[in-house]
2 protein chains.
Amino acid sequence: MRVDARRNRDRLVAAATAVIAEQGPAASLNEIAQQAGVGAGTLYRHFPTRESLLLEVFTTRIETLCARAHELAESRSPSDALTAWLEAFLQHCRTDRGLAETIMKAPSGSDLNCAVKLRTAGAGLVARAQEAGVVRAGVEVEDILQLTIGIALAADSPARAERLLSIAIVGLRG
Amino acid sequence: MRVDARRNRDRLVAAATAVIAEQGPAASLNEIAQQAGVGAGTLYRHFPTRESLLLEVFTTRIETLCARAHELAESRSPSDALTAWLEAFLQHCRTDRGLAETIMKAPSGSDLNCAVKLRTAGAGLVARAQEAGVVRAGVEVEDILQLTIGIALAADSPARAERLLSIAIVGLRG
DNA sequence: ACCTGAACACCGTTCAAGT
DNA sequence: ACCTGAACACCGTTCAAGT
């Protein structure tokens, strides 16, 4: 990769992070390119779809969540660890609607590994919770993630989101 | 209301129904106006926001759901009635993403009475279910509707949606 | 190889001009 | 009173032309 290409890519991600934080995940791609000091075509070469750009922007946040999963697995009971992690995930999805929507729409066989990482991190917590009998057998990580994302998208207030998540968690026990 | 105004309004709703069925709730308003044989300005006079047009289009469907609530309340047990109604609601939201999103975004104090009607119809079923001990006290209709809408929005397949709803219903019992 | 930026076909929304 | 439709400022996306 040529040095100027690398530099342009970095600038695009930085600009996208700033603009998306302001305008949300539907932010204008032209504006992102302009703010990065780059032609529109360059943005499209580096990121052929909007989703690919969004996933790049969210990578840091997703990695934070994965790290949190490992911390919780070591420091808390199976039940507490899963609950705390889902609450953290819910917060992220709510402060960043783009995160929720992007993960939701990412095809399950996606080669974009950050969504995969998230599923893997969650799977550990879920398995522990199932062994402890807090989550009934047959429930998949994917079920739990989608349920949490749905709550993040549909809840009309933070308090409601918390409440719906706790209802969902009770439901997981069977 | 002048007769031509009335006629234009009807044509707009008919055109919107057709176009939205094809293109989803983000369908082009210009195209709807054009297909209705009407100027763009006329659409805006009758429906100042996209949401107001969407709610008009969905009114029929929402009334169907309300009627179903009353039928179920008379013919089934409290538990079955609520479950069956939520399944019907889930189906509607999934076949018509616009329905889910529109209801979700409709301000709770909205004067658009179709969303209110839906809440009222649901409230009867929820109250019965609570008396029967199938839904724990403290849960609001609004909680249940938002949870179901969230599931409709986030689930990646019909089978998943069904599964998530049944998890949620278990959670409602407390 | 990589980048630029004008060009294209759209979008929502407004508003002077018509009837 | 109500409607029309051209006009405006956008949008995503492409692609010839440049370095």
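In the predicted model, chain A is built from nine helices and contains zero strands, so that, read from the N terminus, the order of its elements is α-α-α-α-α-α-α-α-α. The C-alpha trace of this chain extends over about 55 × 35 × 25 Å along its principal axes. Of the 174 residues in chain A, 47% are buried, and among the contacts in the chain with a separation of 6 or more, 66% are accounted for by residues 24 or more positions apart.

The contact between the chains draws on 25 residues from chain A and 26 residues from chain B. Together, chain A and chain B bury about 2,200 Å² between them, and 60% of this area is on carbon and sulfur atoms. On the side of chain A, the residues A:Q146, A:A154 and A:I167 provide 27% of the area that this chain buries against chain B, which is more than any other three residues supply. Charged side chains also take part in the contact, as eight salt bridges are counted between chain A and chain B. One salt bridge joins the side chains of A:D143 and B:R163, with a distance of 3.2 Å from N to O.

Methods: Residues numbered from 1 in each chain as written. Chains lettered and ligands numbered in written order. Predicted model: local features only at pLDDT ≥ 70, side-chain atom pairs only at ≥ 80, totals over all residues. Heavy atoms only, no water. Helix = DSSP H or I, 4+ residues; strand = E, 2+ residues; numbered from the N terminus. Buried < 20%, exposed > 50% of the residue type's maximum accessible area, 1.4 Å probe, protein only. Contact = heavy atoms within 4.5 Å. Buried area = accessible area lost by both parts, 1.4 Å probe. Salt bridge = Lys/Arg side-chain N within 4 Å of Asp/Glu carboxyl O.
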